[in-house]
Amino acid sequence: MEAIRALAQWLIDNIFNQPALLLGLVAFVGLILQRKPFGEIMMGSLKTAGGFLIMNTGVNTAVAVALKLAPILNKAFGVASEPYVGIGMTKFTEMYGAPVATAMFFGFLINLLLARLTPFKYIYLTGHLMWWMSYLIIAVITATSGLSGAPLIMLTAVLLGLYWTLQPAYTQKYAAKITGSNDIALGHTSALAALAAGWIGGFVGKPEDSAEKLEIPERWAFMKDLLVFSSLLNAAALLIASLAAGPAWVQKNVTGGQNFVVFALLQGITYGAGLTILLAGVRMFIAEIIPAFKGIADKLVPNAKPAVDGPVFWNFAPTSMLLGFFSMTITMFVLMIVLGVTKLWVLIPPMIVLFGTGGTVGVFGNATGGWKGAIIGGIVGALITAAGQMFLIPIIAKTVPDLVYFAGEADWNWWGGLLGAILRLLRL
Amino acid sequence: MKILTVCGAGQGSSLILRIYVEEVLRAMGLKAQVEAMDGSWAMSTPADLIVTGPHMVKVLSSTKTPIVVVKNFVNKAEIREKLEEHFKQKGILP
């Protein structure tokens, strides 16, 4: 008995608090339950653990660049405040990675239970966003309350289970319109922005004037490559900010003497490279877990509807996706300048959000308002995301504000912000 | 046989497509290794086939790997029809 307890304690102290090993173990058990061959079990579990560590490397690279923009913008607009730093993602992942992974797993079980028992038959299968939403909620709770250990994990799991069941429901009206069927739902954290785009689209245009009847010059298709898009836009943001702050000041205080144009270009590409590494890592660590989740869901909730990633919907309206994407990006840059000049906020445009939310709001706006809806959708998406950044960042200032600088979508910003505001009032 | 499922960031939708492509292949009795990834990686990864959506076709224009385009990533009937067509052309299916 004593030996078993000692072993359990050793496992808790040495394996379960290491997120990479914990996720590897989850994949290992999942692959064994699926009766996979030995080679696949080994490869799948090691790639899951490896993917997690690769993701952390990418985070370090991408976040470092995102944070370089802040002091330049501060100088350009004469904003005195220091950028929020907090614990930072690297350290926070070490500290809380294991609770994040555990809460994600239990949150999925609660989603299954709710789908089985309630009329909301949605199973959330967007793996990378399951990870990030779990990460964000843990970051909000630890920043605004004293909860830790099991209560922290259970509260997070319940909130995740509710969110993953209800989010697909609140966008379904428009999602069904896009796909022309009720079989799939949106499972994406741009949902509040997509909902707003779908709603407002109906006031500005008609679905008959669909963006899909327009021809967009093919020479812009290269912007759909995420590395290219994020590198270029980050370089552009650094260049604009450096010109406004004064190249001489930037070269003296930020670049260490390097020419500011070379600096902007190199940092832009570094950001794209970091993002590529990050995404490759996430891809590896969800590659085994999500198919296992889907296998479980198929058995337990046979009539469920999968809630899937935004780009699944882009296929139904690729031109609207591009319109939303460009309209949101331009609006975000305008907001960066307007908020800076008025000294209201130092806005760091999160590139991956421009990509993920931009495309999705374009498609949702087009479903109700045609091409006008797609463009307005992008503008609305940018406004909601930017205002959300202003709401959420002060709330998680103590933990991981850098997370929101590079990737905060509407639902992270608003649901996360609301949760934080409530927890602060409750003083738990 | 190696098949790549591809979307813009290589995160959620290519993984969903992978799961459904694997289910369809199993139903067809075909064996393949299916991997999900983004466009840049797919273009530098040797494979026998790429399965992707209409919005990605132009991004992948420089690849020599044959591409099968699927509009609805969770519609097994559509995926099966498009894959059968491709495999018949290649002589993998009669």
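In chain B of this predicted model, strand β1 (residues 2-7) and strand β2 (residues 33-38) are paired in the parallel sense through six bridges. Pairing is assigned where DSSP finds at least two bridges between two strands, and the elements themselves are DSSP runs numbered from the N terminus, with helices (H or I) of at least four residues and strands (E) of at least two. Within this pair, B:Cys7 has B:Asp38 of β2(B) as its bridge partner. Strand β1(B) is mostly covered, five of its six residues being buried (under 20% relative accessible area, with exposed over 50% and partly exposed in between; 1.4 Å probe, protein chains only).

Residues are numbered from 1 along each chain as its sequence is written, and chains are lettered from A in the order in which they are written. Local features require pLDDT of at least 70, side-chain atom pairs count only at pLDDT 80 or more, totals for chains, interfaces and linings use all residues, and side-chain values use heavy atoms, with hydrogens and water left out.

Strand β1(B) also pairs in the parallel sense with strand β3 (residues 49-52) of chain B, over four bridges; here B:Thr5 stands opposite B:Val51. Strand β3(B) in turn runs parallel to β4(B), to which three bridges join it, and B:Thr52 faces B:Val69 of β4(B).

Helix α1 (residues 12-28) of chain B forms a right-handed β-α-β unit with β1(B) and β2(B); right-handed denotes a clockwise path from the first strand over the helix to the second when the strands point away from the viewer. Axes are lines fitted to C-alpha atoms, for helices over the stretch in contact, with angles from 0 to 180 degrees between N-to-C directions.

In chain A, the axes of helix α2 (residues 19-33) and helix α4 (residues 89-117) come within 8 Å and cross at roughly 20 degrees. Helix α2(A) is therefore roughly parallel to α4(A), a term applied to angles under 35 degrees. A:Pro19, A:Leu22 and A:Leu23 of α2(A) meet A:Thr93, A:Gly97, A:Ala98, A:Ala101 and A:Thr102 of α4(A), contact being defined by heavy atoms within 4.5 Å. The residues of this contact comprise five nonpolar, three polar and no charged.

Note on methods
Parallel < 35°, antiparallel > 145°, perpendicular 65-115°, else oblique. Nonpolar A, V, L, I, M, F, W, Y, C, P; charged D, E, K, R; others polar.
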